[in-house]
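Please consult the sequence and the coordinates alongside the text.

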Amino acid sequence: MTDDILSFEEAMEKYDPVLGFEVHVELNTATKMFDAAPNAFGDEANTNITPVSLGLPGVLPVVNGKAVESAIKLGLALGCDIAPVSHFARKNYFYPDTPKNFQTSQFDEPIAENGSIDIELEDGTVFTIDIERAHMEEDAGKLTHKGGAAGRIQGADFSLVDYNRSGVPLIEIVTRPIVGAGERSPELARAYVAAIREIVKNLGISDARMERGNVRCDANVSLMPKGTTEFGTRSETKNVNSLRSVERAVRYEIQRHAAVLDAGEKVVQETRHWHEDTRSTTSGRPKSDADDYRYFPEPDLVPVVTDAEWIERLRAELPEPPAERRRRLKADWGFSDEEFRDVVNAGAMDVIEETIAAGAPAAVARKWWMGEIARIAKEREVELTDTGATAQTVLELNKLIEAKKINDKIARQVLGFVIDGEGEPAEIVEKRGLAVVSDDGALTTAIDEALAAMPDVADKIRAGKVQAAGAIVGQVMKATRGQADAGRVRELILEKLGVEG
Amino acid sequence: MNNMLTLTAAEIAEKLTAGELTSVEVTQAFIDRIIATDGEALDADNRAAGKNGVNAYLHLNAEEALAVAKSVDEDRAAGKELPALAGVPIAVKDLIVTKGQPTTAASRMLEGWMSPYDGTVTQKVREARMPMLGKTNLDEFAMGSTTEHSAFGVTRNPWSLDRTPGGSSGGTLAALAAFQAPLALGTDTGGSVRQPAAFTGTVGMKPTYGSISRYGVIAMASSLDQVGPCARTVLDTALLHEVIAGHDPKDSTSLQTPVGSFADAARAGAAEGGLQGLRVGVIKELSGEGFQPGVLARFNESLELLKSAGAEIVEVSLPSVKEAIGAYYLIMSSEVSSNLAKYDGVRFGLRKLPEEGNVTIERVMGASRAAGFGAEAKRRIILGTYALSAGYYDAYYGSAQKVRTLIQRDYAKAFEVADVLVSPTAPTTAYKLGEKTKGDPMAMYMGDIATVPTNLAGVPSISLPGGLADEDGLPVGIQFTAPAHEDERLYRAGAGLEALLTEKWGGPLHQQMPDLETLIRDFNFEGAK
């Protein structure tokens, strides 16, 4: 079997990729899917457990109603039909992260089926991705392999298992095969997962933090020789857990499959593991359609019945879809395509919306968040909203500028102090004595001194060369350490010299 | 034998309330009886050597039981209000989890395991202030009809020590027959309280599926399992049923319907004219061919008594019943294969390392399961795994579910013309030890022909003593079955027939029982091994 990969360009010349995704979303319900144990991340191992999460003898599952609501909401957001009656089933397999040695999932009767979403790529191209189903299930515990290399099970001396995650509610979203994305496939993969993450976050049903495994993607890739329509053998790359990795893994698998096919070999149907360090995948276990999980209806649970009234109530509660919201905000704010894309890419949309809602003009909000605050965020390597600046900060700074209490330059300094935790803008201006010098008396003295120091400039101004006043203004600003209102200084100079501005 | 032992639970409760007895006295009397007639059964070595008495109990809970009894006596003396059965001792099948006592399911897999939580029925028993005498023996994980598949020795039938008490709740019903408890809890998946009740001359009730919580009952086959209240009389069974029934939010299959007035129904049935106008359907397929003559004789006698008391006897047919055993063994074993997957040596219970080669997780699981499960458990796990396999699912599990639907329809049709159905509980009297375990397991399975269909249909069913078979002098069981949610009808019919039979016998059936202590003294345990 060849380990080579083909260049992406060559792969694209010869083959059409077919993609498919299974995205697992961990819900942020207070308790687990079938159990009253807390659903919380990061706690001490094996503390968020009950006899039910451990699958002790005699325990029984009870469905978490909130999780069902979340599943319905997600189904609706993905344009799915919500099943009036759906069933849980047992997926039987032995593995120590699954305490019952079966996973309670949904098999042939999922809660949501037949949806689709539009995915917009950066340049505005839209792909429609068909959703086959979204079903409810429970997460497994977490295994940590000790001894041996890099936490891998191969060569490990022993493994530890933490059942805190065991039974956390999951929704698995399965797409239909995605054909026709061609060279945009890697980009589409990333955009799809980003869209799912955005949707679940917007619905408020998941914390949607990929680094915590709240959103996990299994990416299926196969290739068809150009001009053919029969799907090739697929590989399934498991748990690709960042947007960047999704894009890279799909690109890599396309290149790898192309090399295998070019060498006249057959792609092995298997799961693959993505390695961010080497940016490549390695073979996991062989997987075939003959994998026999011996599914059968879960006899300890009754069917999930959804009535139309419930569904309509949940539909009415759905927030505005992210894509629609973006279209609306762009129009409302009057930003250009490029300006708006920058805002979105910088993750500044929410905070700008908040700032505008607090009363700032759209241009002002954008100027601050995309300008000085973005600069500081970058410098300090934090998210915009983690800088300490808030919508209120921007609003106050703008008010101070409009009232001519401070100028732009001072305002940027004040922002720095706000971020350093010195307090609110007005408070800082007061404490540090940064208010613009508007005492004409004090300014007059400074102007007189400046004129006396530069008599030739004063003469030029008197002779009508109004633009020469800049030099005097500069001198005055310097003398007042920038705290003067430059416009007012200019007015006073012209007045003193009897010249019309 | 201490006179207290033969009292019914209702009588004990009455005497406790009247101050004629204390709970400590009663509880101590049963503990003494257990020690005397389970013999050295509570000593593991003797048990393994077969040197025992009845061996109904796997664990004796004397200390805690007496402490509960004492607190009940104190509260009663202080004039506090107490639940109806407060102070009346009870035995619990070792398939039901209990905090503070071991729970083994009679399997090596769980030997020494202590549950950190109580099952819902256990909790209800505690709330009812009933001293728990201990945990009773069963076929491993309730799989079997003889209690010979226990990893901790067979339970013997108190009527004849070379016979099985039936199963899987053999320990539960043998304890009742041996006067080692006035009340006991069993579980019934395909007849597991009714058949041993029939074999031991006691009463076993399988309530409507979902009417008693299964939370904390170690699952065998989830869609069939139901906790069964057991006693020596129908009224006592009804009283216990009222204690343990009711909706439980921890069990999704638990019904929302209110608990019936079972004891009232039993009293009404036993009263003069209690059976007047009751339409009793005789199940054609379950009252003739393949049934022991002595069983049929007692059954027909009961029919005559029912008729004489004004009941209307009609014949009904359940044509799909002939497919019931096949369907049952597919559905049950499929669920078993999945329910028993959790016993893998990873989190609790027996862990066994492979004798040679690599210690990988798969091999540890394999070695633990190979060592922990007995032959019958393995047989059913393998059968169920096969039945659920891709390519076989439709033919086996799928078809079995269709048969289940047909059986449900048969019952619905029969209940159009009858209020209750009646049949012998089992085709035969108690098996000889070893009779059904050597050779073809189908022989044991066929003995469940009369009990299995009600579990498939989810309908309630009760077995009560119908007398002794002429050919072997062993108890015969009469089984009544009612539509779902109509458990009260069973108490009415059961108590009615019980009253007629008791009158005919001149006292309860157990008065005809040989003296157990004499049987034990004379029995050659060594030779019977």
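The model is predicted, and every value given here is computed from it.

**The sheet of chain B**

Chain B contains an open sheet of 11 strands with mixed pairing, and the strand order is E1-E3-E2-E4-E6-E5-E10-E11-E9-E7-E8. Strand E1 (57-60) and strand E8 (312-316) of chain B form the edges, each pairing on one side only. On average, and with direction ignored, neighbouring strands of this sheet are turned by 30 degrees against each other. Helix H8 (residues 234-244) of chain B packs on the sheet, where it touches E4, strand E5 (203-206), strand E6 (226-231) and strand E10 (461-468) of chain B. The direction of H8 makes about 140 degrees with that of E6(B).

Strands of a sheet pair through backbone hydrogen bonds, in either the parallel or the antiparallel sense. In chain B, strand E2 (residues 90-93) and strand E4 (residues 183-188) pair in the parallel sense, over two bridges. Within this arrangement, Val92(B) has Leu185(B) in E4(B) as its bridge partner.

**Domains**

| Domain | Residues |
|---|---|
| Domain 1 of chain A | 8-294 + 302-313 |
| Domain 2 of chain A | 320-432 |
| Domain 3 of chain A | 440-496 |
| Domain 1 of chain B | 3-323 + 404-522 |
| Domain 2 of chain B | 333-391 |

In chain A, the centres of domain 1 and domain 3, taken over C-alpha atoms, are separated by 69 Å. In chain B, the centres of domain 1 and domain 2, likewise taken over C-alpha atoms, are separated by 30 Å. The contact between these two domains of chain B takes 19 residues from domain 1 and 16 residues from domain 2. On the side of domain 1 of chain B that touches domain 2 of chain B, 10 residues are nonpolar, five are polar and four are charged.

**Contact between the chains**

How many residues of chain B are in contact with chain A? There are 35 such residues in chain B, and they meet 26 residues of chain A. Helix H11 (324-339) and helix H12 (361-372) of chain B are the elements that give two or more residues to the side of chain B that touches chain A. H11(B) supplies the largest share of that side, namely three residues. By class, the side of chain B that touches chain A comprises 16 nonpolar, 12 polar and seven charged residues.

Notes:
Residues numbered from 1 in each chain as written. Chains lettered and ligands numbered in written order. Predicted model: local features only at pLDDT ≥ 70, side-chain atom pairs only at ≥ 80, totals over all residues. Pairing = 2+ DSSP bridges. Helix = DSSP H or I, 4+ residues; strand = E, 2+ residues; numbered from the N terminus. Axes fitted to C-alpha atoms, helices over the stretch in contact; angles between N-to-C directions. Contact = placed C-beta atoms within 7 Å. Domains from an automatic or database assignment. Nonpolar A, V, L, I, M, F, W, Y, C, P; charged D, E, K, R; others polar.
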